[in-house]
Amino acid sequence: MSASPDTEATSGIPRRESDQFASDVRGMFDRIAGVYDVMNSAMTAGLHHQWRQRAVDRAEVGPGSDALDVCCGTGDLALELRRRIGADGRVVGCDFSEPMLELARHKSGEEGLPVEFGWADALDLPYGDGSFDAVTVGFGARNLSDLDRGLSEMARVLRPGGRLVILEITRPQRQPLASFYSFWFDRLVPVIVTIDGDADAYSYLPDSVRTFPEPEELAGRMHAAGFERIRWLLLAGGIIAIHSGTKAK
């Protein structure tokens, strides 16, 4: 089972139930926006692009689809959605970090892939009920201060029969990968990525993974939020999980 959500953080970020949690996590992402893409590539050996493509496969979008990417960061997953949807349909990316959104808008313009990027609180999405055919969240669900509320909001803005896809880091259970994973994320990653001088930001990464639900528990919480036909795919030896589910009609 995952650690209790009130476990004391070791990164300098307040405990998850603290009112200060969301503010401090947002501030952290504001600070690291400029090195976020470089650090993602360093931590994943560049594989995060392939994982996002697999996640969009599970979203089952196509021409004319309307899709929302929650916690969009610098926009890579939203841009992949736009590639699949083409000129028709609507793609929206939202995040609570304006510096991240600025980078996403720059990418969108450079690549000629129009996406509506805007600020939003994932726990109180500013979109109407049943607005989208698909909702995705890549490497952002573990940053929500209230995961169940976030899942409920994603269900609310989905049309009946619409699909939710969650791409997230998870903790492998089988040896020897479990020991290697612990060494990599708990010891090496915080050292590698503190080249930007923000030690709290990247010691937060293993903390956030450690307290996030394991795949079976996340599937159960998706079901409780109103999703059915839930399945998950483990990649990279069990380090990455892609969950998908369909909003009940």
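**Close-up 1. Helices H2 and H3 in the predicted model.** The axes of helix H2 (residues 36-44) and helix H3 (residues 48-59) cross at roughly 95° and come within 9 Å. That angle makes H2 roughly perpendicular to H3 (65 to 115 degrees; under 35 counts as roughly parallel, over 145 as roughly antiparallel, the rest as oblique). Axes are lines fitted to C-alpha atoms, for helices over the stretch in contact, with angles from 0 to 180 degrees between N-to-C directions. Helices are DSSP runs of H or I with at least four residues, numbered from the N terminus. Asn40, Ser41 and Thr44 of H2 meet His48, Trp51 and Arg52 of H3, where contact means heavy atoms within 4.5 Å.

**Close-up 2. Helices H4 and H5.** The axes of H4 (residues 76-85) and H5 (residues 98-111) come within 10 Å, crossing at roughly 30°. H4 is therefore roughly parallel to H5. On the H4 side the contact is made by Asp76, Leu79 and Arg83, and on the H5 side by Lys107, Ser108 and Glu111.

Close-up 3. The whole structure has zero disulfides (a disulfide is a pair of cysteine sulfur atoms within 2.5 Å). For Cys71, the closest cysteine sulfur is in Cys94 at 6.7 Å, too far for a bond. For Cys72, the closest is also in Cys94, at 6.3 Å, again too far for a bond. Cys72 counts as buried at 7% relative accessibility (under 20% relative accessible area; exposed is over 50%, partly exposed in between; 1.4 Å probe, protein chains only).

**Notes.** In this predicted model, local features need pLDDT of at least 70 and side-chain atom pairs count only at pLDDT 80 or more, while totals for chains, interfaces and linings use all residues. Residues are numbered from 1 along each chain as its sequence is written, and side-chain values use heavy atoms, leaving out hydrogens and water.

Methods: Helix = DSSP H or I, 4+ residues; strand = E, 2+ residues; numbered from the N terminus.
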